[in-house]
Structures are given as structure tokens and as C-alpha cells.
Amino acid sequence: MASRWWTSYYFVTPMNVFPKIIACIRVHGWLSTLLAGSIFLGSSLAQNAASSGALPSETPAKVEAVTDSFDYVKREVMIPMRDGVKLHTVIVIPKGAKNAPILLTRTPYSASAQLSHAQSSHLGPILNGYDNAVEVIVEGGYIRVVQDVRGKYGSEGDYVMTRPLHGPLNPTAVDHSTDTYDTIDWLVKNVPESNGKVGILGISYDGFLPLMALVNPHPALKVSVPMNPMVDGWRGDDWFHNGAFREQNMPYIYEQEATRNNSALWWTNHFDDYDVYIEAGSAGELGRRHGLEQVGFWRKLLEHPSYDSWWQQQAMDKILAAQPLKVPVMLVDSLWDQEDIYGAPAVYKAIKPKDTGNDKVFLVLGPWHHGQEIDDGSTLGALKFSSDTGLYFRENILRPFLDHYLKDGAPKSDVAPVTAFETGTNTWRRLPSWPAGCASGCAIRATRLYLEPGLKLGFDVPKTTDAAYVEYVSDPAKPVPFRSRPIQPVGYGEGFTWAQWLVDDQRESSGRPDVLAFRSDVLKEPVKISGQPIANLVASTSGTDSDWVVKLIDVYPDEVAAQPAMGGYQLMISADIFRGRYRENLETAKAITPDQPLLYHFLLPTANHVFLPGHRIMVQVQSSWFPLYDRNPQTFVPNIFWAKPGEYQKAVQRVFHSGEQASFVELPIVEMK
């Protein structure tokens, strides 16, 4: 940026003749003449200034904003923590507020930016952006507080990615639990406009922090709303999925940790991210080329590729399962969350058994991408939902829920224990628990959907006499793209479609020779699933390591009259990847015996979907999902981060579908009693 700025300066200012003169004089060896002339010129200018008097600056030493007409008051404070570190906190109070509850968000993404989305005298426009449910905050009369976590932007202290709790991974006396406690304690004592009740909410990393607040919570914390939270970075959130590394998150790691204010930016050398990652070879080599080893979290990832105690001790579902349930919690999950699809259902499963009164743990499942619940939820990619599902959530679920716990004298909310959007029929369902197919009168039956010979898919057990397997060749030099090329980097904003990749049409993949596409007959009756499908893949590889990707897909009719572009559309409903070296033990990598049929058993993400009559069900199986996930060399190496070029080898992959070796996807099918 500096070089471009100075180039502009030379050609715009009235003095642009001087750089050109200097260059000319240097070329002709007249530098001494220039120096003598400049001394003379400087002396003359000084004499002229002295004779005419100084020209005072028109910029005040400090400007005071005039905000008398604003409908809010903004305060910026540094709140002291128990170890003396002060955290930058922005407080926005509706003008004239009295006995108002506080909605707190803690963030590594700049508190000032989150409360300055527009330069406006009105509260709504300054909030209209990430992490701010505007209708809830403005219409509800809430005091909005956003705080930079320690080590980021305006806060003091040291930054650690998703800083662990005090204990084996954090020898200090402070963590996000203590920082939240100290922040709430300060707020209720120093914000006289409040009623002393605090709720905490946030999305993604900001959703992980409301979970941390549940550990030894402050008495004034009355409710927590973790939305799309980071929960377990190895099992299925940001960093790994079942051992496969999420390579496209490397720029985030660099930009998040290299500087306090995210000013150091990742660079690229190709328009297509597919080329960026394949050119470097391994993720470790790409990191080396970018100097990523300078940041601490990357070094930790390199040291912990398996699901060892370092990961397990940070998993929030495990942590909260061991904590008493003191604060009401609403977990918000997006059915097509392209970043943190694992977290919210995992926490719900861990803490719901403690909710003996069925009145403290709530779950919302929406048809959204990551964070779309605070945005327009009418569509997602090519999908249309017939209503603004995001607005429905904010007005009919989130606001009455928060009001009930935070506002003095507010009516009891009528929010169901589980509110789940049913995709396929585009219907909201009020449910007593999760998974549940309906409010009453139905049951969920685990049903095997078999991969059959001839790339068929059905509910009948394949015969022993049928063909034993179908095969394909997986070539790491030509990995299967996770979406159509050119592939964009991870990003939001105009022109970016990253948020939509989980609903991309899968037809391009189904036509590749290294992707198996098993397809059912046309459905005559609806098939409804509620819960987590389970992949049970009996497969072999000619290599000594392998990845397996299983995708459950809704295939639309060949023609869709109301929406022609959806004709034949292949919509992913639930899909994930599993790194074969962890087949026996997630903590310890082990080479695969070549050409031996083995069972790969792993959960797919939560779904609440109806496959409608006239549609088909499809299951795709492949061995790469690139560059979202790093390539498996298909040769066993101690650490795939450092796989060498010669270790990436083609492999013959076989999927078995006969008799006792039949592969299937177990579906949580809803049946009426």
C-alpha cells in the first residue's frame, strides 16, 4: 500500500515536479548541485515564513462529537480483569433507558467495528451487521455491550486461539470464563441504566464464548445463546473433520494470530484456490512458504494431528457435560453450517440429560448457513424457503426467549424445547426434544439404506450372490474439488459464495470416474429423517492410508415446473469426511492393511429433512474433498502435514455391497406409530 500511495502523491500534488527533478539530476550525476540548491531554497522558505508569520493548523488537538440528536449513548471503557489486564469494551445504551437488561458479546473481531456498521444517529444502522440481531436489540430496548477478548484489538493481554480453561493447557489464573465473570461483575456495578440482568450471545468464535460463560457463571448471567458455536475443533468444527485437516482455514489462522488487529494479510499466487493448495503439496509446506510457523496456534496444529488429550480437554461438549446446569441455554444450529456444523448438536446431546425439568436447555435448527439466523433467511443458494426464516427466528423465538429471562415483568415465553425447521416441506416444527420426528404420535427407527450392485440404492439387504464390490481410482494429483472450479477462498461479502457451498449442486461430482453415485428408485412416498445419519462403509484401498467422503443427497425430479433450474438438482442433506488412519482409534494413527475390506463407521451431520415423492435419494462416495480438506497421500506417513511429493500415490478404492460386507447409510427415519 505504501508504494502505491506515494506514487499517487507524486502525480497529484502541485509539488510533483520535485521528484522528477531529483530523478533527472541523479541520472546526470548532479546530486551535489541539487543539495546546494535545496539548502538555498530551504533558507529562503524559512526567511519568508518568519517574515509572514506561521500558518496555524486547522485541525483541533481533539475533536468532540456532537451527539445531542442521537437516540443512543456510546461509551468506551477499559474493564479490569482479576490479573490487572484491561479489556476494551463498547457500551451502547438507548437514550433514556432505565432498568434495561444487558446483551453481551465477547469477540476477537473488533468490538468497535461491530458497533459501528454505519455512521448514524440511530441505533439500528450502527448495529446492522455481524452478531447483532437488530430487531431484538432495538425493539427490545436492550443495552448492547461488545468486548474485545484479551490480546485482540483494543484489549490488553496475550491472545491465545480459543483460550483453554485454567488447567493443564492453561497454567494462568485467567481464561474466558473468568474474563466473562469479571466483565459482568463490572457491568452490573457500573452501568446505572441496567436492571442488573445480563444475557450473553454470539456466533461462531463469538458463540464459543457464551459456552465458556457457563463455567462458574456470574449470578447476574441469566441466559446464554451460543449460535453456531465452535465446540470441538478436531471432531467436526473449524480445524479438522474426523482427522482430515481443513486446509482452507490456513489464511484465517495467519490473519487472526499474526497481529493484534488482523493487519497482516495472507497472500495468494493463483486466482483458483485449487491451484494454490495443490502447487504447495502438503499443508505444512504451504504454511512454511507463508511463514505461518511464526504464529503459535499453527505450531500446535502441526504437533497435534490426532485426537489426543490436547483436543479432548478443550472440547466444550465434554467440559460442559461435567459442569452443573445453572443458566438457561438456547443452542442455535444451522443445518447447512459450512464452518461449525458439529458444535451445537454436540453440546445439546451433552447437557440435555441434566435438564430434568425440560426448561433449561433449548435447541433451534434452522435452514441456514453459518450465522444466517441474523440475516435474511428467505433463500440459501438455489433453495427458497417461502418465508424469511431468519426473521421468524429473531421475532418469534429469540426475542421472547431473551425477554422472558432478562426483562422485569416479561411474560413467560412460549418457546418450545426444540424448534426445528423441516427442509423439503419448508415447515417449522415445535418438538419436545431432539431428535424427534413430531410433537407426538411418531417414532424414529434406525433404517439401513444399502449401497447395492449397479450403483443402486435401496432398503433391501443385497444378496450374497451379487457382485462383491465396485471400485474407482483415487489420484491425489487430481483430487475431487469440493465445489465447481475456480474455487474461491473462504470469505463473505459481495461476490463471495463460500457460505453456500454445502447446498451446491452435486451433479458435477456424480459424473466423475473417481466418485461413486448410488441412486434409489423414484420415491412414491415421503421419507422423513430427523437426527444424524451414520455411514457404515465397508471398503478397501490398495494404499496404506485413505480418506472416505460420504454424502447423502436429495435428487430433485428431472423437471421442476415452478423452478426450472432445480430440475435434476442434487442437494446435499448431510455429508462428511473420515481419515482412514483413525479407523481403530482417533488418538492413534495406524496404517491400513492394503486390499483388505474394513468397516469405516462415522456419524454424519444432523438433518431434519423430507425426501418428497418424485425425488430420489443418492449416496456419493469419494476419497478427496479438495482443497477444503488436505489431500491424503494414500501412503501412510507419520504426519500428513509433512507428506513429501513422492508419497502421494494413486490407489484403487473398493466399496463392498454384498452379504455380510454390505455397505449402508443408517437413516433416522420418522414413522407414525
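Colleague: How does the lining of the largest cavity divide into nonpolar, polar and charged residues?
Modeller: The lining has 8 nonpolar, 3 polar and 3 charged residues. Keep in mind that this is a predicted model.

Colleague: What volume does the largest cavity have?
Modeller: About 150 Å³.

Colleague: How many cavities of 30 Å³ or more does the structure hold?
Modeller: There are 7.

Colleague: How much space lies in the second largest cavity?
Modeller: About 120 Å³. It is lined by 18 residues, and Ile341, Trp501, Leu502, Ala575 and Pro605 are the closest to its centre.

Colleague: Which strand gives the most to that lining?
Modeller: Strand β22, residues 570-579, with 5 residues.

Colleague: What classes are in the lining of the second largest cavity?
Modeller: The count is 11 nonpolar, 3 polar and 4 charged residues.

Colleague: New topic. Where is Val415 found?
Modeller: In a loop. That loop runs between α16 (389-406) and β13 (418-422).

Colleague: Does Val415 count as buried or exposed, and why?
Modeller: Buried, because its relative accessibility is 11%. The cut-off for buried is under 20%.

Colleague: What does Val415 touch, leaving out residues up to four places away in sequence?
Modeller: Met330, Phe362, Asn396, Ile397, Pro400, Phe401 and Arg430. Among these, Asn396, Ile397, Pro400 and Phe401 fall within the 389-406 range of α16.

Colleague: What separates the C-alpha atoms of Val415 and Met672?
Modeller: They are separated by 25 Å. Along the chain, Val415 and Met672 are 257 residues apart.

How values were computed. Residues are numbered from 1 along each chain as its sequence is written. This is a predicted model: local features need pLDDT of at least 70, side-chain atom pairs count only at pLDDT 80 or more; totals for chains, interfaces and linings use all residues. Side-chain values use heavy atoms; hydrogens and water are left out. Helices (H or I, at least four residues) and strands (E, at least two) are DSSP runs, numbered from the N terminus. Buried means under 20% relative accessible area, exposed over 50%, partly exposed in between (1.4 Å probe, protein chains only). Contact means heavy atoms within 4.5 Å. On a 1 Å grid over the protein atoms alone, a cavity is a set of points where a 1.4 Å probe fits but cannot get out, and a pocket is an open set with protein on both sides within 12 Å along at least five of seven lines; lining residues have an atom within 4 Å of a point. Grid points are joined across faces, edges and corners, and a volume is the space filled by probe spheres set on the points. Ala, Val, Leu, Ile, Met, Phe, Trp, Tyr, Cys and Pro count as nonpolar, Asp, Glu, Lys and Arg as charged, and the others, Gly among them, as polar.
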